[in-house]
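Biologist: I would like to learn how to read a few features of a model. Please take them one at a time.

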Amino acid sequence: MSRMTESIIGGVVGGALVKGLMKFPIPTSNKQLISSTSVPASGSATLLSSTAFKFAIILFHGDGDSDITVTIAGATNRSIAGNQSGIETIANETISITASNSNTTTAKNTPTIEILSLQW
């Protein structure tokens with residue numbers, strides 16, 4: 001590209017920015033806490049209904065019971081035990097989070113889950 005072409009393009013883009021024709025998105029952040037929940041024996045619970053995220057980091061605290069399996073359902077399904085710590089990254093995806101209890105006699109607790117997300 002010639003210097004003249006670069007100058008013209010730079011002037012057009014710069015002028016559009018000054019005049020407010022080009023808008024850049026302003027990112028905002030959000031933190032969502034899903035507290036520990038009791039799941040009945042052989043039962044399941046929805047911890048997060050279907051939600052779209054541009055970008056999110058999901059933190060599993062690992063403070064739940066080992067009989068609990070937490071599943072993130074989206075483009076691909078991922079699971080983690082309630083007593084395991086973990087981090088999952090989501091980009092341009094709609095997900096739901098459920099927990100199931102494999103213990104047939106006793107209610108068990110899900111882990112605390114934090115979702116840190118960016119939107120723009």
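Predicted model: local features only at pLDDT ≥ 70, side-chain atom pairs only at ≥ 80, totals over all residues.

Biologist: What does valine 70 touch, leaving out residues up to four places away in sequence?

Modeller: Contact here means heavy atoms within 4.5 Å. On that basis valine 70 touches Phe60, Arg78, Ser79, Ile80, Ile97, Thr98, Ala99, Pro111 and Ile113.

Biologist: How many bridges join β3 to β8, and in which sense do they run?

Modeller: There are 6 bridges, and the two strands run antiparallel. Isoleucine 58 stands opposite isoleucine 115 in β8. Strand β8 also pairs with β1 (residues 28-34), in the antiparallel sense over 7 bridges. Lysine 31 stands opposite leucine 116 in β8.

Biologist: Is threonine 46 buried or exposed, and why?

Modeller: Exposed means over 50% relative accessible area. Threonine 46 has 58% relative accessibility, so threonine 46 counts as exposed. This residue lies in strand β3.

Biologist: Which residues does threonine 46 touch, beyond those up to four places away in sequence?

Modeller: Threonine 46 touches Ile97 and Thr98. As for threonine 71, its C-alpha is 9.7 Å from that of threonine 46, with the two residues 25 apart in sequence.

Methods. Residues numbered from 1 in each chain as written. Heavy atoms only, no water. Helix = DSSP H or I, 4+ residues; strand = E, 2+ residues; numbered from the N terminus. Buried < 20%, exposed > 50% of the residue type's maximum accessible area, 1.4 Å probe, protein only. Pairing = 2+ DSSP bridges.
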